[in-house]
Protein chains: 2
Amino acid sequence: MQIKVIRKILEANDRISEQLKGFFREKKILVLNLMSSPGAGKTTLLEKTLTDLKDEFNMAVIEGDLQTSNDAERIAATGAQVIQINTEGGCHLDGSMVLEATGQMELDNVDVLFVENVGNLVCPAEFSVGEDHKVTILSVVEGDDKPEKYPLIFAESRVMLLNKTDLLPYVDFSMEKASNFARSLNSDMVIYPVSAKTRDGMDSWYDWLRKEVRHKKKG
Amino acid sequence: MQIKVIRKILEANDRISEQLKGFFREKKILVLNLMSSPGAGKTTLLEKTLTDLKDEFNMAVIEGDLQTSNDAERIAATGAQVIQINTEGGCHLDGSMVLEATGQMELDNVDVLFVENVGNLVCPAEFSVGEDHKVTILSVVEGDDKPEKYPLIFAESRVMLLNKTDLLPYVDFSMEKASNFARSLNSDMVIYPVSAKTRDGMDSWYDWLRKEVRHKKKG
C-alpha cells in the first residue's frame, strides 16, 4: 500500500519531468542536477564554475535548500541569475518545484542551468527534474565506500566529481576503490578528481561542460 | 492529500516508537539514535566507543544502511553484538525496522543500544525509533552552516558531536558559529568537539554516556 502511494508520486513527477525536458530541449539549455551529501562542496564548485566560465556561457542556477537563502546569495555574488527554492523540510527537489522556479526565471539566452539539489545522498536520486545529466559530488573526506553504500545516486549519475582533493593527505581515501565501485554500477561514468577550493583539476570538468553545451546546441 | 499520507505514516511510526520506549524502559537500556550526513564518522565513533568502554558496559548496535553489511562487520570486530538493517533504498530507519531487529537480539543484560541511522541529515530526524536521545554528528569538514540549513535534526538532538577536529587546521569552520546556531534551535544541546580518529575530546562524550546510563538504570 505504502509502495503504491510512493509509485504514484514518482509517476506524477516523471510526467512533469518530461514536460521540463521538452521545454529545455526547445530552449537548448543544458540542465545539470547537482547532488551530494551536505557539505560536499556543491555551492563552492558552482561559485568557481560560474566565475571561471562567465565569459563563455550564460549560466543560471536553481538553489534547493530546506531553509535559508544563504547559498543563493553566494551564487548571486558571482553575477549569475539564481532562484532559491526552500523545501521547508523536504529532502529533495522535484519536477513541480523546478517547473515553478523556471516560470520565474529569464531563460531565453541561458546556455546552462544548474539545479543544486538538497544535500542528501538518497532521495534526490529518485526525482528527475528534467535534467540532461545528474552530477554527483563526493568529498574525499566522506570515504571511498560511499558508492557501495549509496548505490542508486551513483548508478544514476553521468559524472562523479571527487571533491576536496586538497584534503587527501589528511584522510584515508582510495580514488581507485571509489572509482572502481562507481564504474561497476555505471560503466560510462565520467570521473574527475577536483578541488573546487584550489581549482586543481577543474579544467577537466570545464572541458566536459563545454562539450556538453556544444552537444545540446546541436540538438 | 500527500501531506495526509505522510502524517499517517508518522502517526503509525509514533505508536511503534512508544511500544519500543516501553520495552527499553522495562529493560533499562539506554538507547541512542545516531544520525549524520554520509561519511561524518558515525561508525568510527562507535568503533572507538565500543572498544574504550567495553569493560564498563554491555553495548549493542543496530546498523542502518541502504545496502551492504560493511558497517556491521566493522562493529562486530569490536566484539559488540550487532545487527544490520538494509533499507533497500529507504532514506531512514523507522520504528518497525528497529522493532523487528530487537526481536532478533539478546538484550537482557545490555546497558546501551546504539542505533546507527542511515547517513542523511534530513529524513531520519522525523522518525523516532524509541530512543532516549538523538545524537547528531557533524563533521567539521561539512561546514559551520549546517545547523542553520538542516534545522530539524539539530533541534531534535540532545547531543551534537563536532567530529574530525583533527582536520580543523585545513578547513574553514567556526566552532562558535555552529554551536551558537545549534543552541538557538535547542538551548539545552550538549556539544562536544571530538576526533574519533585521534580520540581527542572523546572523554567528555564518555562521561556523558556514563551519566546517562546511571540515569536510565535509576528509571
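Colleague: Over how many bridges do strand β1 (residues 30-36) of chain B and β4(B) pair, and is the sense parallel or antiparallel?

Modeller: This is a predicted model, in which local features need pLDDT of at least 70 and side-chain atom pairs count only at pLDDT 80 or more, while totals for chains, interfaces and linings use all residues. Residues are numbered from 1 along each chain as its sequence is written, with chains lettered from A and ligands numbered from 1 in the order in which they are written.

Five bridges join β1 and β4 of chain B, in the parallel sense. Strands here are DSSP runs of E, at least two residues long, and helices are runs of H or I of at least four, numbered from the N terminus; two strands pair if DSSP finds at least two bridges between them. Within this pairing, L34(B) has E116(B) as its bridge partner. Strand β2 (residues 59-65) of chain B also pairs with β4(B) in the parallel sense, over five bridges, and there E63(B) stands opposite E116(B).

Strand β4(B) itself spans residues 112-116, and five of its five residues are buried (20 or more other C-beta atoms within 10 Å of a residue's own, C-beta atoms being placed from the backbone; exposed means 12 or fewer, partly exposed in between). In a regular strand the side chains alternate between the two faces of the sheet. Here both faces are covered: V112(B), F114(B) and E116(B) are buried on one side, L113(B) and V115(B) on the other.

Chain A shows a whole sheet. Its open sheet has seven strands in the order β3-β2-β4-β1-β5-β6-β7, with parallel pairing. β3 (81-86) and β7 (190-193) of chain A are at the edges, each with a single partner strand, so one side of each lacks a neighbour in the sheet. Neighbouring strands are turned by 20° against each other on average, direction ignored (axes are lines fitted to C-alpha atoms, for helices over the stretch in contact, and angles run from 0 to 180 degrees between N-to-C directions).

Helix α4 (residues 95-102) of chain A packs on this sheet, touching β2, β3 and β4 of chain A, and its direction makes about 140° with that of β3(A); contact requires C-beta atoms, placed from the backbone, within 7 Å. The buried residues of α4(A) are G95(A), M97(A), V98(A), A101(A) and T102(A). Because these residues cover an arc of only 160° around the axis, they lie on the same side of α4(A), the arc being that of the directions from the helix axis to the C-beta atoms.

Note on methods: Two residues are in contact if their C-beta atoms, placed from the backbone, lie within 7 Å.
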